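Please open the structure in your viewer and keep the selection panel at hand. The stops below say what to select and what is found there.

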There are 2 protein chains.
Amino acid sequence: MTTAPRTARARAREEITRAIQQTARRHLGEVGPAALSLRAIAREVGMVSSAVYRYFPSRDELLTALIIESYDELGAALETADSSCAPQDAAGRLGAYAHALRRWAREHPHEYALLYGSPVPGYAAPPTTIPAALRVSAVILRIAEQAHRAGRHPAAARPLSEAETAGVAGVRSALADGQHVDDAHLVRWLQAWSLLFGQLSLELFGHLRGGILDDDAHWAQTIEQLQHDLGLQ
Amino acid sequence: MTTAPRTARARAREEITRAIQQTARRHLGEVGPAALSLRAIAREVGMVSSAVYRYFPSRDELLTALIIESYDELGAALETADSSCAPQDAAGRLGAYAHALRRWAREHPHEYALLYGSPVPGYAAPPTTIPAALRVSAVILRIAEQAHRAGRHPAAARPLSEAETAGVAGVRSALADGQHVDDAHLVRWLQAWSLLFGQLSLELFGHLRGGILDDDAHWAQTIEQLQHDLGLQ
DNA sequence: AGAAAGCGAGAGCGGTGCTCTCTCTTCGAG
DNA sequence: CTCGAAGAGAGAGCACCGCTCTCGCTTTCT
(Lines give C-alpha, C1' and ligand atoms only; values in the text may rest on other atoms or scores of the structure.)
Protein backbone atom coordinates (compact mmCIF):
# COMPACT_ATOMS: atom_id res chain seq x y z
CA MET A 1 0.00 0.00 0.00
CA THR A 2 2.23 2.79 -1.23
CA THR A 3 0.44 6.04 -0.67
CA ALA A 4 3.18 8.25 -2.06
CA PRO A 5 3.85 7.67 -5.72
CA ARG A 6 7.36 6.58 -6.53
CA THR A 7 8.29 8.74 -9.45
CA ALA A 8 7.59 12.30 -10.42
CA ARG A 9 5.74 11.04 -13.43
CA ALA A 10 3.42 8.91 -11.35
CA ARG A 11 2.83 11.84 -9.06
CA ALA A 12 1.98 14.09 -11.97
CA ARG A 13 -0.29 11.46 -13.39
CA GLU A 14 -2.29 11.23 -10.22
CA GLU A 15 -2.60 14.96 -9.98
CA ILE A 16 -3.68 15.44 -13.56
CA THR A 17 -6.12 12.57 -13.36
CA ARG A 18 -7.63 14.23 -10.33
CA ALA A 19 -7.76 17.60 -12.07
CA ILE A 20 -9.55 16.13 -15.05
CA GLN A 21 -12.08 14.29 -12.95
CA GLN A 22 -12.62 17.34 -10.79
CA THR A 23 -13.27 19.55 -13.78
CA ALA A 24 -15.49 16.90 -15.29
CA ARG A 25 -17.44 16.74 -12.08
CA ARG A 26 -17.98 20.48 -12.14
CA HIS A 27 -19.12 20.37 -15.74
CA LEU A 28 -21.43 17.48 -14.91
CA GLY A 29 -23.09 19.52 -12.24
CA GLU A 30 -23.46 22.44 -14.60
CA VAL A 31 -24.52 20.97 -17.91
CA GLY A 32 -25.59 17.44 -17.10
CA PRO A 33 -24.25 14.09 -18.20
CA ALA A 34 -25.47 14.10 -21.78
CA ALA A 35 -23.88 17.44 -22.57
CA LEU A 36 -20.61 16.59 -20.89
CA SER A 37 -17.86 17.31 -23.38
CA LEU A 38 -14.44 15.81 -23.11
CA ARG A 39 -13.04 18.54 -25.29
CA ALA A 40 -14.45 21.27 -23.10
CA ILE A 41 -12.97 19.60 -20.05
CA ALA A 42 -9.59 19.32 -21.74
CA ARG A 43 -9.75 22.96 -22.73
CA GLU A 44 -10.36 24.02 -19.17
CA VAL A 45 -7.70 21.76 -17.72
CA GLY A 46 -5.36 23.31 -20.25
CA MET A 47 -4.53 20.50 -22.55
CA VAL A 48 -5.52 19.30 -25.93
CA SER A 49 -8.38 16.84 -26.13
CA SER A 50 -6.31 13.93 -27.31
CA ALA A 51 -4.11 14.15 -24.23
CA VAL A 52 -7.06 13.41 -21.99
CA TYR A 53 -7.21 9.97 -23.53
CA ARG A 54 -3.93 9.18 -21.77
CA TYR A 55 -5.91 9.33 -18.55
CA PHE A 56 -9.37 8.16 -19.47
CA PRO A 57 -9.60 5.77 -22.40
CA SER A 58 -13.03 7.09 -23.37
CA ARG A 59 -15.72 9.49 -22.37
CA ASP A 60 -17.64 6.57 -20.93
CA GLU A 61 -14.78 5.66 -18.61
CA LEU A 62 -14.78 9.19 -17.35
CA LEU A 63 -18.52 8.95 -16.87
CA THR A 64 -18.06 5.77 -14.91
CA ALA A 65 -15.62 7.51 -12.59
CA LEU A 66 -18.14 10.28 -12.08
CA ILE A 67 -20.91 7.81 -11.39
CA ILE A 68 -18.87 6.10 -8.73
CA GLU A 69 -17.87 9.41 -7.22
CA SER A 70 -21.50 10.51 -7.13
CA TYR A 71 -22.72 7.28 -5.59
CA ASP A 72 -20.05 7.61 -2.96
CA GLU A 73 -20.96 11.17 -2.22
CA LEU A 74 -24.64 10.36 -1.92
CA GLY A 75 -23.87 7.29 0.14
CA ALA A 76 -21.71 9.31 2.48
CA ALA A 77 -24.44 11.92 2.87
CA LEU A 78 -26.96 9.23 3.73
CA GLU A 79 -24.60 7.57 6.18
CA THR A 80 -23.92 10.85 7.89
CA ALA A 81 -27.61 11.58 8.19
CA ASP A 82 -28.29 8.10 9.47
CA SER A 83 -25.59 8.16 12.08
CA SER A 84 -26.83 11.46 13.43
CA CYS A 85 -29.84 9.58 14.82
CA ALA A 86 -29.99 7.27 17.78
CA PRO A 87 -29.55 3.73 16.42
CA GLN A 88 -32.82 2.59 17.99
CA ASP A 89 -34.79 5.47 16.53
CA ALA A 90 -35.80 3.71 13.33
CA ALA A 91 -38.44 6.28 12.50
CA GLY A 92 -35.99 9.10 12.89
CA ARG A 93 -33.40 7.28 10.85
CA LEU A 94 -35.81 6.68 8.01
CA GLY A 95 -36.78 10.32 8.09
CA ALA A 96 -33.16 11.38 8.11
CA TYR A 97 -32.43 9.04 5.20
CA ALA A 98 -35.29 10.42 3.16
CA HIS A 99 -34.45 13.98 4.03
CA ALA A 100 -30.79 13.60 3.15
CA LEU A 101 -31.66 11.79 -0.07
CA ARG A 102 -33.94 14.56 -1.26
CA ARG A 103 -31.58 17.26 -0.12
CA TRP A 104 -28.66 15.77 -2.01
CA ALA A 105 -30.78 15.17 -5.10
CA ARG A 106 -32.02 18.73 -5.16
CA GLU A 107 -28.55 20.08 -4.65
CA HIS A 108 -27.12 17.82 -7.34
CA PRO A 109 -29.91 17.31 -9.85
CA HIS A 110 -27.62 16.34 -12.69
CA GLU A 111 -25.78 13.83 -10.57
CA TYR A 112 -29.08 12.39 -9.41
CA ALA A 113 -30.23 12.16 -12.99
CA LEU A 114 -27.01 10.41 -13.90
CA LEU A 115 -27.48 7.84 -11.16
CA TYR A 116 -31.21 7.28 -11.21
CA GLY A 117 -32.50 8.80 -14.42
CA SER A 118 -32.45 7.20 -17.80
CA PRO A 119 -29.12 5.66 -18.70
CA VAL A 120 -27.02 7.62 -21.19
CA PRO A 121 -27.37 6.36 -24.76
CA GLY A 122 -24.71 3.86 -25.65
CA TYR A 123 -23.49 3.60 -22.12
CA ALA A 124 -23.86 0.54 -19.96
CA ALA A 125 -22.77 0.93 -16.37
CA PRO A 126 -19.90 -1.47 -15.75
CA PRO A 127 -19.92 -3.76 -12.71
CA THR A 128 -17.42 -1.42 -11.10
CA THR A 129 -20.26 0.90 -10.18
CA ILE A 130 -22.23 -1.74 -8.31
CA PRO A 131 -20.46 -1.57 -4.95
CA ALA A 132 -20.83 2.20 -4.87
CA ALA A 133 -24.49 1.89 -5.76
CA LEU A 134 -25.04 -0.64 -3.01
CA ARG A 135 -23.77 1.81 -0.46
CA VAL A 136 -26.96 3.83 -0.94
CA SER A 137 -29.29 0.92 -0.37
CA ALA A 138 -27.19 -0.57 2.40
CA VAL A 139 -28.04 2.34 4.66
CA ILE A 140 -31.76 1.78 4.48
CA LEU A 141 -31.29 -1.96 4.79
CA ARG A 142 -29.52 -1.43 8.08
CA ILE A 143 -32.45 0.63 9.29
CA ALA A 144 -34.77 -2.19 8.30
CA GLU A 145 -32.62 -4.67 10.19
CA GLN A 146 -32.64 -2.57 13.31
CA ALA A 147 -36.39 -2.04 13.16
CA HIS A 148 -36.97 -5.73 12.70
CA ARG A 149 -34.70 -6.54 15.59
CA ALA A 150 -36.65 -4.11 17.74
CA GLY A 151 -39.89 -5.82 16.83
CA ARG A 152 -41.16 -2.95 14.74
CA HIS A 153 -42.83 -4.61 11.79
CA PRO A 154 -44.60 -3.20 8.75
CA ALA A 155 -48.35 -3.13 9.06
CA ALA A 156 -50.54 -5.06 6.67
CA ALA A 157 -47.69 -6.65 4.78
CA ARG A 158 -49.28 -9.00 2.29
CA PRO A 159 -48.09 -12.59 2.21
CA LEU A 160 -45.63 -13.14 -0.58
CA SER A 161 -46.18 -15.29 -3.59
CA GLU A 162 -43.84 -18.20 -3.97
CA ALA A 163 -42.08 -16.53 -6.86
CA GLU A 164 -41.61 -13.32 -4.91
CA THR A 165 -40.19 -15.18 -1.94
CA ALA A 166 -37.63 -16.72 -4.24
CA GLY A 167 -37.05 -13.51 -6.13
CA VAL A 168 -36.27 -11.41 -3.10
CA ALA A 169 -33.31 -13.65 -2.32
CA GLY A 170 -30.94 -11.15 -3.85
CA VAL A 171 -31.93 -8.50 -1.36
CA ARG A 172 -32.03 -10.98 1.47
CA SER A 173 -28.43 -11.92 0.85
CA ALA A 174 -27.47 -8.26 0.95
CA LEU A 175 -28.39 -8.07 4.61
CA ALA A 176 -25.53 -7.78 7.03
CA ASP A 177 -24.14 -11.03 8.39
CA GLY A 178 -26.33 -12.58 11.01
CA GLN A 179 -29.18 -10.19 10.30
CA HIS A 180 -32.63 -11.33 9.35
CA VAL A 181 -35.74 -9.58 8.15
CA ASP A 182 -38.90 -11.45 7.24
CA ASP A 183 -39.26 -11.61 3.48
CA ALA A 184 -42.67 -10.02 3.48
CA HIS A 185 -41.38 -7.17 5.59
CA LEU A 186 -38.31 -6.81 3.45
CA VAL A 187 -40.53 -6.37 0.42
CA ARG A 188 -42.42 -3.59 2.15
CA TRP A 189 -39.16 -1.85 2.90
CA LEU A 190 -38.21 -2.23 -0.70
CA GLN A 191 -41.46 -0.71 -1.76
CA ALA A 192 -40.85 2.16 0.61
CA TRP A 193 -37.48 2.64 -1.04
CA SER A 194 -39.09 2.55 -4.48
CA LEU A 195 -41.66 5.08 -3.39
CA LEU A 196 -38.97 7.45 -2.17
CA PHE A 197 -37.07 7.28 -5.44
CA GLY A 198 -40.24 7.35 -7.48
CA GLN A 199 -41.69 10.41 -5.83
CA LEU A 200 -38.33 12.14 -5.87
CA SER A 201 -37.83 11.45 -9.56
CA LEU A 202 -41.32 12.59 -10.40
CA GLU A 203 -40.69 15.79 -8.48
CA LEU A 204 -37.25 16.50 -9.90
CA PHE A 205 -38.19 15.64 -13.44
CA GLY A 206 -41.18 17.93 -13.27
CA HIS A 207 -44.05 15.48 -13.30
CA LEU A 208 -45.65 16.79 -10.15
CA ARG A 209 -45.53 20.39 -11.29
CA GLY A 210 -48.99 21.85 -11.22
CA GLY A 211 -50.36 18.95 -9.24
CA ILE A 212 -48.37 19.21 -6.05
CA LEU A 213 -47.94 22.83 -5.06
CA ASP A 214 -45.75 22.24 -2.02
CA ASP A 215 -43.09 19.64 -2.68
CA ASP A 216 -41.61 19.95 0.80
CA ALA A 217 -44.94 19.24 2.44
CA HIS A 218 -45.60 16.34 0.09
CA TRP A 219 -42.25 14.79 0.89
CA ALA A 220 -42.78 15.20 4.62
CA GLN A 221 -46.23 13.68 4.29
CA THR A 222 -44.88 10.67 2.46
CA ILE A 223 -42.17 10.14 5.07
CA GLU A 224 -44.74 10.27 7.80
CA GLN A 225 -46.93 7.78 5.97
CA LEU A 226 -43.99 5.45 5.46
CA GLN A 227 -42.95 5.63 9.09
CA HIS A 228 -46.41 4.41 9.99
CA ASP A 229 -46.75 1.82 7.26
CA LEU A 230 -43.44 0.35 8.29
CA GLY A 231 -44.56 0.22 11.92
CA LEU A 232 -41.91 2.57 13.16
CA GLN A 233 -44.08 4.74 15.38
CA MET B 1 -62.24 21.70 -39.77
CA THR B 2 -60.89 20.85 -43.19
CA THR B 3 -59.68 17.28 -43.14
CA ALA B 4 -58.58 17.21 -46.76
CA PRO B 5 -55.77 19.62 -47.48
CA ARG B 6 -56.54 22.17 -50.14
CA THR B 7 -53.50 22.16 -52.29
CA ALA B 8 -51.09 19.52 -53.45
CA ARG B 9 -48.36 21.28 -51.58
CA ALA B 10 -50.25 21.17 -48.31
CA ARG B 11 -50.99 17.53 -48.91
CA ALA B 12 -47.35 16.78 -49.53
CA ARG B 13 -46.35 18.73 -46.47
CA GLU B 14 -48.61 16.70 -44.25
CA GLU B 15 -47.37 13.48 -45.72
CA ILE B 16 -43.70 14.36 -45.38
CA THR B 17 -44.16 15.68 -41.88
CA ARG B 18 -45.75 12.39 -41.01
CA ALA B 19 -42.95 10.45 -42.67
CA ILE B 20 -40.30 12.36 -40.75
CA GLN B 21 -42.04 11.91 -37.44
CA GLN B 22 -42.64 8.26 -38.15
CA THR B 23 -39.01 7.63 -38.97
CA ALA B 24 -37.95 9.64 -35.94
CA ARG B 25 -40.22 7.55 -33.81
CA ARG B 26 -38.62 4.37 -35.12
CA HIS B 27 -35.16 5.71 -34.48
CA LEU B 28 -36.21 6.80 -31.00
CA GLY B 29 -37.29 3.27 -30.21
CA GLU B 30 -34.02 1.91 -31.52
CA VAL B 31 -31.33 4.25 -30.29
CA GLY B 32 -33.01 6.32 -27.60
CA PRO B 33 -33.71 10.01 -27.31
CA ALA B 34 -30.18 11.25 -26.66
CA ALA B 35 -28.75 9.50 -29.71
CA LEU B 36 -31.56 10.60 -31.96
CA SER B 37 -29.97 12.20 -35.00
CA LEU B 38 -31.82 14.56 -37.24
CA ARG B 39 -29.35 13.88 -40.02
CA ALA B 40 -29.85 10.15 -39.80
CA ILE B 41 -33.58 10.63 -39.97
CA ALA B 42 -33.26 12.89 -42.99
CA ARG B 43 -31.01 10.37 -44.67
CA GLU B 44 -33.56 7.64 -44.25
CA VAL B 45 -36.48 9.76 -45.32
CA GLY B 46 -34.43 10.55 -48.40
CA MET B 47 -33.69 14.18 -48.06
CA VAL B 48 -30.85 16.37 -47.00
CA SER B 49 -30.71 17.39 -43.37
CA SER B 50 -31.37 21.05 -43.97
CA ALA B 51 -34.65 20.22 -45.64
CA VAL B 52 -36.00 18.70 -42.46
CA TYR B 53 -35.89 22.14 -40.91
CA ARG B 54 -38.73 23.14 -43.18
CA TYR B 55 -40.88 20.78 -41.16
CA PHE B 56 -39.41 20.89 -37.67
CA PRO B 57 -37.66 24.10 -36.68
CA SER B 58 -35.27 22.21 -34.41
CA ARG B 59 -34.40 18.83 -33.07
CA ASP B 60 -36.14 19.76 -29.86
CA GLU B 61 -39.39 20.49 -31.65
CA LEU B 62 -39.21 17.05 -33.17
CA LEU B 63 -38.54 15.63 -29.73
CA THR B 64 -41.58 17.43 -28.42
CA ALA B 65 -43.72 15.86 -31.10
CA LEU B 66 -42.37 12.46 -30.15
CA ILE B 67 -43.01 13.09 -26.47
CA ILE B 68 -46.61 13.97 -27.16
CA GLU B 69 -47.02 10.97 -29.43
CA SER B 70 -45.56 8.70 -26.76
CA TYR B 71 -47.71 10.10 -23.99
CA ASP B 72 -50.73 9.59 -26.18
CA GLU B 73 -49.78 6.05 -26.98
CA LEU B 74 -49.18 5.20 -23.34
CA GLY B 75 -52.37 6.98 -22.35
CA ALA B 76 -54.35 5.05 -24.91
CA ALA B 77 -52.87 1.77 -23.73
CA LEU B 78 -53.82 2.58 -20.16
CA GLU B 79 -57.30 3.63 -21.13
CA THR B 80 -57.81 0.45 -23.10
CA ALA B 81 -56.64 -1.66 -20.18
CA ASP B 82 -58.82 0.28 -17.80
CA SER B 83 -61.93 0.00 -19.90
CA SER B 84 -61.52 -3.73 -20.22
CA CYS B 85 -62.48 -4.00 -16.54
CA ALA B 86 -65.88 -3.61 -14.99
CA PRO B 87 -66.15 0.02 -13.87
CA GLN B 88 -66.92 -1.02 -10.29
CA ASP B 89 -63.95 -3.35 -10.09
CA ALA B 90 -61.48 -0.83 -8.74
CA ALA B 91 -58.97 -3.46 -7.73
CA GLY B 92 -59.03 -5.00 -11.17
CA ARG B 93 -58.74 -1.61 -12.80
CA LEU B 94 -55.72 -0.66 -10.73
CA GLY B 95 -54.14 -4.00 -11.59
CA ALA B 96 -54.90 -3.50 -15.26
CA TYR B 97 -53.45 0.00 -15.12
CA ALA B 98 -50.26 -1.18 -13.50
CA HIS B 99 -49.96 -4.13 -15.81
CA ALA B 100 -50.47 -2.06 -18.93
CA LEU B 101 -48.07 0.57 -17.70
CA ARG B 102 -45.28 -1.90 -17.15
CA ARG B 103 -46.02 -3.74 -20.35
CA TRP B 104 -45.84 -0.58 -22.40
CA ALA B 105 -42.70 0.58 -20.62
CA ARG B 106 -40.94 -2.70 -21.23
CA GLU B 107 -41.97 -2.74 -24.84
CA HIS B 108 -40.90 0.86 -25.32
CA PRO B 109 -38.03 1.42 -22.92
CA HIS B 110 -36.61 4.39 -24.79
CA GLU B 111 -39.96 6.07 -24.98
CA TYR B 112 -40.48 5.45 -21.29
CA ALA B 113 -37.08 6.91 -20.56
CA LEU B 114 -37.94 9.93 -22.67
CA LEU B 115 -41.15 10.52 -20.74
CA TYR B 116 -40.15 9.61 -17.21
CA GLY B 117 -36.37 9.44 -17.17
CA SER B 118 -34.02 12.34 -16.84
CA PRO B 119 -34.83 15.22 -19.14
CA VAL B 120 -32.57 15.58 -22.18
CA PRO B 121 -29.79 18.16 -21.70
CA GLY B 122 -30.78 21.58 -22.93
CA TYR B 123 -34.34 20.57 -23.49
CA ALA B 124 -37.27 21.84 -21.46
CA ALA B 125 -40.58 20.22 -22.21
CA PRO B 126 -42.93 22.91 -23.50
CA PRO B 127 -46.42 23.31 -22.05
CA THR B 128 -47.76 21.61 -25.15
CA THR B 129 -46.84 18.28 -23.66
CA ILE B 130 -48.82 18.77 -20.48
CA PRO B 131 -52.26 17.73 -21.72
CA ALA B 132 -50.82 14.55 -23.18
CA ALA B 133 -49.01 13.83 -19.93
CA LEU B 134 -52.18 14.35 -17.94
CA ARG B 135 -53.89 11.66 -19.91
CA VAL B 136 -51.73 9.09 -18.13
CA SER B 137 -52.58 10.28 -14.65
CA ALA B 138 -56.21 10.96 -15.48
CA VAL B 139 -56.85 7.25 -15.86
CA ILE B 140 -55.74 6.38 -12.35
CA LEU B 141 -57.53 9.42 -10.96
CA ARG B 142 -60.77 8.09 -12.39
CA ILE B 143 -60.14 4.79 -10.67
CA ALA B 144 -59.59 6.63 -7.41
CA GLU B 145 -62.82 8.53 -7.91
CA GLN B 146 -64.79 5.38 -8.52
CA ALA B 147 -63.26 3.63 -5.52
CA HIS B 148 -64.02 6.60 -3.32
CA ARG B 149 -67.60 6.72 -4.58
CA ALA B 150 -67.96 3.03 -3.80
CA GLY B 151 -66.78 3.63 -0.25
CA ARG B 152 -63.49 1.84 -0.74
CA HIS B 153 -61.00 3.94 1.15
CA PRO B 154 -57.27 3.60 1.70
CA ALA B 155 -56.34 2.00 4.98
CA ALA B 156 -54.28 3.87 7.54
CA ALA B 157 -54.12 7.09 5.57
CA ARG B 158 -52.30 9.56 7.78
CA PRO B 159 -53.93 12.91 8.42
CA LEU B 160 -52.47 15.59 6.24
CA SER B 161 -50.48 18.53 7.38
CA GLU B 162 -51.95 21.90 6.65
CA ALA B 163 -49.35 22.56 3.99
CA GLU B 164 -50.01 19.25 2.31
CA THR B 165 -53.75 19.86 2.28
CA ALA B 166 -53.11 23.12 0.51
CA GLY B 167 -50.46 21.66 -1.75
CA VAL B 168 -52.58 18.85 -3.06
CA ALA B 169 -55.01 21.38 -4.50
CA GLY B 170 -53.50 20.96 -7.94
CA VAL B 171 -54.37 17.31 -8.03
CA ARG B 172 -57.74 17.92 -6.45
CA SER B 173 -58.67 20.28 -9.21
CA ALA B 174 -57.71 17.67 -11.77
CA LEU B 175 -60.55 15.46 -10.64
CA ALA B 176 -63.45 15.15 -13.01
CA ASP B 177 -66.30 17.58 -12.52
CA GLY B 178 -68.47 16.75 -9.58
CA GLN B 179 -66.04 14.17 -8.29
CA HIS B 180 -64.57 14.24 -4.85
CA VAL B 181 -61.89 12.27 -3.08
CA ASP B 182 -60.79 13.02 0.45
CA ASP B 183 -57.47 14.80 0.40
CA ALA B 184 -55.78 12.27 2.64
CA HIS B 185 -56.99 9.46 0.40
CA LEU B 186 -55.95 11.32 -2.70
CA VAL B 187 -52.44 11.58 -1.31
CA ARG B 188 -52.33 7.85 -0.78
CA TRP B 189 -53.38 7.30 -4.36
CA LEU B 190 -50.66 9.67 -5.43
CA GLN B 191 -48.15 7.74 -3.42
CA ALA B 192 -49.35 4.55 -5.04
CA TRP B 193 -48.78 6.19 -8.40
CA SER B 194 -45.31 7.30 -7.34
CA LEU B 195 -44.51 3.81 -6.17
CA LEU B 196 -45.54 2.34 -9.50
CA PHE B 197 -43.34 4.73 -11.45
CA GLY B 198 -40.55 4.44 -8.94
CA GLN B 199 -40.40 0.70 -8.93
CA LEU B 200 -40.77 0.57 -12.69
CA SER B 201 -37.98 3.05 -13.22
CA LEU B 202 -35.70 1.25 -10.81
CA GLU B 203 -36.40 -1.99 -12.65
CA LEU B 204 -35.98 -0.61 -16.15
CA PHE B 205 -32.90 1.40 -15.32
CA GLY B 206 -31.26 -1.63 -13.77
CA HIS B 207 -31.23 -0.71 -10.11
CA LEU B 208 -33.00 -3.85 -8.96
CA ARG B 209 -30.72 -6.13 -10.91
CA GLY B 210 -29.16 -8.61 -8.59
CA GLY B 211 -31.52 -7.75 -5.78
CA ILE B 212 -34.84 -8.71 -7.29
CA LEU B 213 -34.51 -11.91 -9.25
CA ASP B 214 -38.07 -12.07 -10.54
CA ASP B 215 -39.29 -8.70 -11.71
CA ASP B 216 -42.68 -10.04 -12.75
CA ALA B 217 -43.32 -11.48 -9.31
CA HIS B 218 -42.15 -8.31 -7.64
CA TRP B 219 -44.47 -6.21 -9.74
CA ALA B 220 -47.41 -8.49 -9.05
CA GLN B 221 -46.60 -8.40 -5.36
CA THR B 222 -46.55 -4.62 -5.33
CA ILE B 223 -49.86 -4.43 -7.14
CA GLU B 224 -51.41 -6.78 -4.65
CA GLN B 225 -50.05 -4.73 -1.78
CA LEU B 226 -51.38 -1.54 -3.30
CA GLN B 227 -54.79 -3.01 -3.87
CA HIS B 228 -54.96 -3.75 -0.16
CA ASP B 229 -53.44 -0.51 1.03
CA LEU B 230 -55.92 1.42 -1.05
CA GLY B 231 -58.78 -0.62 0.41
CA LEU B 232 -59.84 -2.10 -2.89
CA GLN B 233 -60.30 -5.68 -1.76
C1' DA C 1 24.04 5.05 -21.71
C1' DG C 2 20.64 3.45 -24.38
C1' DA C 3 16.19 1.26 -25.05
C1' DA C 4 11.46 1.56 -23.69
C1' DA C 5 7.60 3.56 -22.10
C1' DG C 6 4.81 7.77 -21.02
C1' DC C 7 3.04 11.96 -22.46
C1' DG C 8 1.45 16.25 -24.98
C1' DA C 9 0.41 18.43 -29.38
C1' DG C 10 -1.43 18.47 -33.80
C1' DA C 11 -3.82 16.85 -37.75
C1' DG C 12 -7.47 14.35 -39.25
C1' DC C 13 -11.90 11.32 -39.71
C1' DG C 14 -16.65 10.96 -39.53
C1' DG C 15 -20.31 12.49 -37.10
C1' DT C 16 -23.65 16.16 -35.03
C1' DG C 17 -27.18 20.53 -34.98
C1' DC C 18 -28.00 24.36 -37.40
C1' DT C 19 -27.65 28.51 -40.86
C1' DC C 20 -27.46 30.57 -45.22
C1' DT C 21 -27.77 30.87 -50.00
C1' DC C 22 -29.27 29.41 -54.40
C1' DT C 23 -32.50 27.35 -57.46
C1' DC C 24 -36.73 25.42 -58.76
C1' DT C 25 -41.65 24.68 -58.06
C1' DT C 26 -46.10 25.85 -56.57
C1' DC C 27 -49.55 29.00 -55.29
C1' DG C 28 -52.67 32.83 -55.25
C1' DA C 29 -54.00 37.49 -56.43
C1' DG C 30 -54.61 40.85 -60.03
C1' DC D 1 -53.18 34.08 -67.56
C1' DT D 2 -49.43 36.20 -65.62
C1' DC D 3 -46.34 37.30 -62.38
C1' DG D 4 -44.64 38.08 -57.87
C1' DA D 5 -44.54 35.76 -53.46
C1' DA D 6 -44.02 31.96 -50.81
C1' DG D 7 -42.57 27.17 -50.12
C1' DA D 8 -39.34 23.54 -50.68
C1' DG D 9 -35.00 20.95 -51.53
C1' DA D 10 -29.93 20.86 -52.17
C1' DG D 11 -25.49 22.15 -51.01
C1' DA D 12 -21.86 24.45 -48.69
C1' DG D 13 -20.30 25.81 -44.49
C1' DC D 14 -19.71 26.75 -39.27
C1' DA D 15 -18.64 25.18 -34.86
C1' DC D 16 -18.78 21.49 -32.21
C1' DC D 17 -18.28 16.42 -30.78
C1' DG D 18 -15.61 11.55 -29.70
C1' DC D 19 -11.85 9.33 -31.08
C1' DT D 20 -7.37 7.76 -33.65
C1' DC D 21 -2.86 8.26 -35.21
C1' DT D 22 1.60 10.10 -35.69
C1' DC D 23 5.38 12.77 -34.22
C1' DG D 24 8.53 14.63 -31.19
C1' DC D 25 10.06 15.20 -26.33
C1' DT D 26 10.79 13.58 -21.55
C1' DT D 27 11.06 10.40 -18.00
C1' DT D 28 12.02 5.90 -16.43
C1' DC D 29 14.08 1.41 -16.27
C1' DT D 30 17.61 -1.84 -17.44
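Two residues are taken to be in contact if their C-beta atoms, placed from the backbone, lie within 7 Å. Please keep in mind throughout that this is a predicted model.

With that cut-off, select helix 4 and helix 5 of chain A, where L74(A), A77(A), L78(A), A81(A) and D82(A) of helix 4 meet R93(A), A96(A), Y97(A), H99(A), A100(A), L101(A) and W104(A) of helix 5. The residues of this contact divide into 9 nonpolar, 1 polar and 2 charged. Helix 4 spans residues 59-83 and helix 5 spans residues 90-107, and their axes come within 8 Å and cross at roughly 145°; the crossing is right-handed.

Next, select helix 1 of chain A together with helix 2 (residues 38-45) of chain A, which pack at an angle of about 120° with their axes 9 Å apart. That angle makes helix 1 of chain A oblique to helix 2 of chain A, and the crossing of these two helices is right-handed. To see the contact itself, show A19(A), I20(A), T23(A), A24(A) and H27(A) on helix 1 of chain A, and A40(A), I41(A), E44(A) and V45(A) on helix 2 of chain A. These contact residues divide into 6 nonpolar, 2 polar and 1 charged.

Now show chain A and chain B together, and look at the contact, to which chain A gives 51 residues and chain B gives 51 residues. On the side of chain A that touches chain B, the elements that give two or more residues are helix 6 (109-116), helix 8 (162-167), helix 9 (169-172), helix 10 (183-204) and helix 11 (215-229) of chain A. Colouring that side of chain A by residue class gives 27 nonpolar, 19 polar and 5 charged residues.

How are the two chains arranged? Chain A is superposed on chain B by a rotation of 180° with 0.0 Å of shift along its axis, at an RMSD of 0.0 Å, and the two copies are thus related as by a two-fold rotation axis. To find the axis, select G198(A), which of the residues of chain A comes closest to it, at 1.6 Å (C-alpha). Because 98% of the interface residues of chain A are also interface residues in chain B, the copies meet through the same surface.

Finally, select DNA strand C, which is surrounded by 22 residues, the closest being M47(A), S50(A), T7(B), S50(B) and R59(B). Those surrounding residues divide into 8 nonpolar, 6 polar and 8 charged. Both chains supply at least two residues from each of several helices, including helix 1 (8-31) and helix 3 (49-52) of chain A and helix 4 (59-83) of chain B.

Terms used:
Residues are numbered from 1 along each chain as its sequence is written. Chains are lettered from A and ligands numbered from 1 in the order in which they are written. This is a predicted model: local features need pLDDT of at least 70, side-chain atom pairs count only at pLDDT 80 or more; totals for chains, interfaces and linings use all residues. A residue is near a molecule or strand if its C-beta atom, placed from the backbone, lies within 6 Å of it. Helices (H or I, at least four residues) and strands (E, at least two) are DSSP runs, numbered from the N terminus. Ala, Val, Leu, Ile, Met, Phe, Trp, Tyr, Cys and Pro count as nonpolar, Asp, Glu, Lys and Arg as charged, and the others, Gly among them, as polar. Copies are superposed by least squares on the C-alpha atoms of residues with pLDDT of at least 70 in both. Axes are lines fitted to C-alpha atoms, for helices over the stretch in contact, and angles run from 0 to 180 degrees between N-to-C directions. Angles under 35 degrees count as roughly parallel, over 145 as roughly antiparallel, 65 to 115 as roughly perpendicular and the rest as oblique. A crossing is left-handed if the near helix is turned anticlockwise from the far one by less than a right angle, and right-handed if clockwise.
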